[in-house]
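Colleague: I would like to learn how to read a model like this one, feature by feature. Could you give me the general idea each time, and then the case at hand?

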Amino acid sequence: MRNSSSVLRSGLTVAAAAALPLALASVPAVADPGISVRTTGSTVSVTTSSCTQINGSWGSASLLTSSQGSFAQGRQVTLSGTTTSQSAAWSGVSPGTYTVIVVCSDGTTAGTQSVVVSTAPSPSRTASPSVSPSRGVMGGVGGSTTDYGTVTLVAGGTLVGAGLLGTAWYLRRRNKPYRL
């Protein structure tokens, strides 16, 4: 009984795997929206490659607020660009939700897309570049670029040596039995 159940399951799996490519092939490809909208601070820009130039014009784009209903009511900008890419931009856009519509010069709509403009971030201070040391960081010397003189090195060595001698004297004296 167990064998027939696993054979039945594997047969169904093979049938489903064979039918999957056929099902995917019959689904139509999703159409590209035709436009790409971006926001940077209070600037909204739109890019498309759907329009063709007619009489020197690519078309125009309109930025509509939520209370505006038609292309003519929005802030209109003429598209500029090349045969591969056309674009338009609006600056000084206040925060809110907007709809961008692009209409080509032949009267066809290239696309419609909603966009949210958020409040502009507060300006941040950027670090100014500092002058780097001419010799770079001296690895193995603690990352210091300061060149200490001989007197400083001898004084430091003397302090370390005195500390070692004092520690040895203290430990040796501690080992001796206490005498009255």
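Colleague: How many disulfides does a search of the whole structure find?

Modeller: Before I answer, a word on the source: this is a predicted model, in which local features need pLDDT of at least 70 and side-chain atom pairs count only at pLDDT 80 or more, while totals for chains, interfaces and linings use all residues. Residues are numbered from 1 along each chain as its sequence is written, and side-chain values use heavy atoms, with hydrogens and water left out. In general, a disulfide is a covalent bond between the sulfur atoms of two cysteines. Here the criterion is a pair of cysteine sulfur atoms within 2.5 Å, and the search of the whole structure finds one. Cys-51 and Cys-104 are the partners, with an S to S distance of 2.0 Å. The two cysteines lie in distant parts of the chain, 53 residues apart, with Cys-51 in the loop between β2 (43–48) and β3 (59–64) and Cys-104 in strand β7 (residues 96–104). Strands (E, at least two residues) and helices (H or I, at least four) are DSSP runs, numbered from the N terminus.

Colleague: Why is the disulfide of Cys-51 and Cys-104 called left-handed?

Modeller: The torsion about the S-S bond is about -75 degrees, so this disulfide is left-handed.

Colleague: Are Cys-51 and Cys-104 buried or exposed?

Modeller: A residue is called buried under 20% relative accessible area, exposed over 50%, and partly exposed in between, using a 1.4 Å probe and protein chains only. Cys-51 is buried, at 3%, and Cys-104 is buried as well, at 5%. Of the 180 residues of the protein, 17% count as buried.

Colleague: Which residues have the most contacts inside the largest nonpolar core?

Modeller: In soluble globular proteins, nonpolar side chains tend to be buried together. A nonpolar core is taken here as a set of buried Ala, Val, Leu, Ile, Met, Phe, Trp, Tyr and Cys residues joined through side-chain atoms within 4.5 Å. The largest one has 19 residues, and Val-44, Val-46, Trp-90, Val-100 and Val-102 have the most contacts inside it. Two or more residues of this core come from each of β1 (35–40), β2, β3, β6 (86–90), β7 and β8 (109–117), and β7 gives the most, with four. If residues up to four places away in sequence are not counted, Val-44 touches, among others, Val-37, Leu-63, Trp-90, Val-100 and Val-115, where contact means heavy atoms within 4.5 Å.

Colleague: Where is Ser-60 found, and which residues does Ser-60 touch?

Modeller: Ser-60 is found in strand β3 and is buried, with a relative accessible area of 18%. Beyond residues up to four places away in sequence, Ser-60 touches Phe-71, Val-77, Thr-78, Leu-79, Ile-101, Val-102 and Val-103.

Colleague: What is Pro-95 in contact with, leaving aside its neighbours within four places in sequence?

Modeller: Pro-95, in the loop between β6 and β7, is in contact with Val-117, Ser-118 and Thr-119. The C-alpha atoms of Pro-95 and Ser-118 are separated by 5.0 Å, although these residues are 23 apart along the chain. Pro-95 is partly exposed, with a relative accessible area of 48%.

Colleague: How many helices and strands are there in the protein, and how do the elements run from the N terminus on?

Modeller: There are two helices and eight strands, and from the N terminus on the elements run α-β-β-β-β-β-β-β-β-α. Leu-171 is found in helix α2 (residues 150–175) and is partly exposed, with a relative accessible area of 47%.
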